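Let's take a walk through a protein model together. Keep the 3D view open and look up each spot as it comes along.

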Amino acid sequence: MAKIYVECQDEAGQKIYDKIVQTALEDLVIGKSLIEVKMICMEEEPLFIIGALPKTTSKLIKLRDIVSLEESKPDEKDPNKTISLLKITDETYAHELFDKINIIDQPSRFELQTDSDIDLDMVVHDAKDDFKLKILDFMNRVFPEGMRVRKAYHGKSLVMMASETPYKEEWIKIAMDLKKELEEKV
């Protein structure tokens, strides 16, 4: 489980938010994938900031992982193009594949004809993106409901701010300092 730090002026509030953070991490099953989570509660402003430092995990799904290249031949109508027949071997990321190539025919559920250039090392899906969404979901679950003005900062760490009012420059500085502090740990 990630190291959890909650800064809060109210001792009872600190214990409550510590429990909320732990519960949200357990619900989303991401606690073991994070190195550290730090929450800053400034109830009097009101401002809440959460920073999370994920472990380095990134599984790239490449074209070769989900299709096999069955055939490639020059297009009869345009010799500058190549028509390729792909056989889907793993449907999990097929919808993302469909966004990346031009499908000219789909003879069956598992077969595609395309005139797109085929690079079997093309990245079809990056699991890091899914993980970022889970972290952002976690942060949104932890923030109090009335905090509707939110801003996230991404990098090696993710930091999100939540407030009822537009951000002040000093608040953004606190968030950026937290981001820097977390990223210095990797």
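Is Glu 45 buried, exposed or partly exposed? With a relative accessible area of 27%, Glu 45 is partly exposed, because the cut-off for buried is under 20% and the one for exposed is over 50%. Keep in mind that this is a predicted model, and let's see what else goes on around this residue.

**Around Glu 45**

Glu 45 has a charged partner: Lys 168 forms a salt bridge with it, and the closest N and O atoms are 3.4 Å apart. Lys 168 sits in the loop between E11 and helix H5 (169–183), while Glu 45 sits in the loop between E2 and E3, so this pair ties together parts that are 123 residues apart in sequence. Lys 168 counts as partly exposed, at 36% relative accessibility.

Now take one step along the chain. The peptide bond from Glu 45 to Pro 46 is cis, with omega near -15°. Pro 46 is in the loop between strand E2 (34–42) and strand E3 (47–54). Why point this out? Most peptide bonds are trans.

Val 29 isn't a glycine, yet it has a positive phi of about 55°. You'll find Val 29 in the loop between helix H1 (11–28) and E2, and at 68% relative accessibility it counts as exposed.

**Charged pairs**

Side chains of opposite charge can pair when their charged atoms come close. How many salt bridges does a search of the whole structure find? The search turns up 11. Here are three of them, including the one you've just met:

| Lys | Glu | N to O distance |
|---|---|---|
| Lys 38 | Glu 7 | 3.1 Å |
| Lys 168 | Glu 45 | 3.4 Å |
| Lys 179 | Glu 183 | 2.8 Å |

Lys 38 and Glu 7 form a salt bridge that links distant parts of the chain: Lys 38 is in strand E2 and Glu 7 in strand E1, 31 residues apart. Lys 38 is buried, with a relative accessible area of 11%, whereas Glu 7 counts as partly exposed at 40%. These two also belong to a network of salt bridges that links Glu 7, Lys 38 and Glu 181.

Lys 179 counts as buried, at 11% relative accessibility.

**The nonpolar cores**

Next, look inside. The largest nonpolar core has 28 residues, and those with the most contacts inside it are Leu 34, Val 37, Met 39, Phe 138 and Met 139. Strand E1 (3–8), H1, E2, E3, helix H4 (127–142) and strand E11 (158–163) each supply at least two residues of this core. Which of these elements gives the most to this core? H4 does, with six residues.

Beyond its neighbours within four places in sequence, Met 139 is in contact with Ile 50, Gly 51, Ala 52, Leu 158, Val 159 and Met 160.

**An open sheet**

Four strands form an open sheet in the order E5-E6-E8-E7, with antiparallel pairing. Strand E5 (67–74) and strand E7 (103–108) are the edge strands, since each pairs on one side only. On average, neighbouring strands of this sheet are turned by 20° against each other, direction ignored.

E5 and strand E6 (residues 82–88) pair over seven bridges in the antiparallel sense. In E6, Lys 87 is the bridge partner of Ser 68, and Ser 84 is that of Ser 72. Five of the seven residues of E6 are buried, so E6 is largely enclosed by the rest of the structure. Four bridges join E6 to E8, and these two run antiparallel; here Leu 112 in E8 is the bridge partner of Leu 86.

Let's finish at Thr 114, which is in strand E8 (residues 111–114). Thr 114 counts as buried, because its relative accessibility is 0%. Its side chain reaches the backbone nitrogen of Ser 116 at 2.9 Å. Leaving aside neighbours within four places in sequence, the contacts of Thr 114 include Thr 82, Ile 83, Ser 84 and Leu 86.

Notes
Residues numbered from 1 in each chain as written. Predicted model: local features only at pLDDT ≥ 70, side-chain atom pairs only at ≥ 80, totals over all residues. Heavy atoms only, no water. Buried < 20%, exposed > 50% of the residue type's maximum accessible area, 1.4 Å probe, protein only. Polar contact = N/O pair within 3.5 Å; in protein donor to acceptor, adjacent residues only side chain to side chain. Contact = heavy atoms within 4.5 Å. Core = buried A, V, L, I, M, F, W, Y, C linked by side-chain atoms within 4.5 Å. Pairing = 2+ DSSP bridges. Axes fitted to C-alpha atoms, helices over the stretch in contact; angles between N-to-C directions. Salt bridge = Lys/Arg side-chain N within 4 Å of Asp/Glu carboxyl O.
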